[in-house]
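These are my notebook entries on one protein structure. I set down what I looked up, entry by entry.

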Amino acid sequence: MIAKLLNKKSKLFKKKKPSVPEGKRIYAIGDVHGCKSLLEDLLEKINKDNAQRGAAETEIIFLGDLIDRGPDSAGVLDLCIDLKKTNKSVHFLMGNHEEMFLEAVVDRIPKLMRFFLRVGGTETLLSYDILRNDFMSMDIEELCEFIPQLIPQEHIDFIQNFDEHIIIGDYMFVHAGIKPGVALDEQKPKHLRWIREDFIDNKSPHGKIIVFGHTIFDEVREKNNHIGIDTGAYKNNLLTALCLEGDERWYLQAKLQ
């Protein structure tokens with residue numbers, strides 16, 4: 001009798017696994033950084049996985065930093081725009097690289113453009129219709145003036161409509177992380193897009209499992225309070241998606257050999 005009561009008590013107090021609402025299936029994709037071929041491969045794997053698992057309300061969430069550093073940011077944006085047009089259940093979060101892109105190509109202030117170019121913007125601009133020699137021959141003021149001819153307005157409009165965060169069930173999806181100790185509904189964009197060590201090193205519960213990119217890890221980082229899925233597409237040739245259904249959790253990856 002005592003053993004039965006103890007067993008019943010242990011089940012009662014067994015920690016509930018984080019979950020998403022019944023009937024939903026979530027695929028969260030880490031930082032793409034202009035790696036179009038990796039993204040195409042991963043999306044193919046997601047479509048195959050989704051079809052094999054049967055009917056569900058499927059949502060795809062990009063965690064930000066679609067652009068910069070990698071070889072084909074323009075191609076990634078075209079692919080994502082087409083994806084959004086055909087699938088309304090695809091969501092995009094604002095990363096720090098999207099923030100810098102918008103500052104550089106909308107405001108076109110030389111100081112902001114110089115910073116953007118240093119952190120991956122050069123690769124992004126070269127993925128558009130411009131020859132490297134022509135690009136290199138321009139001074140920063142000339143480049144700022146040339147931007148409206150180079151960047152399609154559709155790309156700018158697309159990025160300007162990115163979300164800051166998404167909450168589904170027991171998970172909160174952000175680009176970089178959250179400010180520990182601040183209510184989730186009071187987080188500032190600068191923390192959601194830029195925070196790093198203060199968030200990563202914090203071990204306290206946040207009320208939700210925080211799913212984030214921004215910081216590269218050699219493999220997926222799973223902790224009690226967060227999951228990091230930026231596995232370094234442009235650096236390690238590895239792009240990762242976190243997959244969620246009910247209290248299940250699995251991963252899909254695309255890797256260039």
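Entry 1: I looked up C35 and recorded it as buried, because its relative accessibility is 9%; buried means under 20% relative accessible area, exposed over 50%, and partly exposed in between, with a 1.4 Å probe and protein chains only.

**Entry 2: the model.** I noted that this is a predicted model, in which local features need pLDDT of at least 70 and side-chain atom pairs count only at pLDDT 80 or more, while totals for chains, interfaces and linings use all residues. Residues are numbered from 1 along each chain as its sequence is written, and side-chain values use heavy atoms, with hydrogens and water left out.

**Entry 3: disulfides.** I searched the whole structure and found 0 disulfides, a disulfide being a pair of cysteine sulfur atoms within 2.5 Å. C35 is in none; its nearest cysteine sulfur belongs to C80 and lies 12 Å away. C243 is likewise in no disulfide, and the sulfur of C80, the nearest to it, is 17 Å away. I recorded C243 as buried, because its relative accessibility is 0%.

**Entry 4: backbone angles.** Most residues other than glycine have a negative phi. I therefore looked for exceptions to this pattern. D65, which is not a glycine, has a positive phi of about 55°. I located D65 in the loop between β2 (57-62) and α3 (73-86), and it counts as buried at 2% relative accessibility. R108, also not a glycine, has a positive phi of about 55°. It sits in the loop between α4 (96-107) and α5 (110-126), and with a relative accessible area of 31% R108 is partly exposed.

**Entry 5: the whole protein.** I listed 11 helices and 10 strands; helices (H or I, at least four residues) and strands (E, at least two) are DSSP runs, numbered from the N terminus. The C-alpha trace spans about 85 × 40 × 30 Å along its principal axes. Why does the radius of gyration agree with that of a compact globule? A compact globule of 257 residues would have a value near 18 Å, and the protein has 20 Å; the radius is taken over C-alpha atoms, and the globule rule is 2.2 Å times the number of residues to the power 0.38.

Entry 6: Of the contacts (heavy atoms within 4.5 Å) with a separation of 6 or more, 64% join residues 24 or more positions apart.
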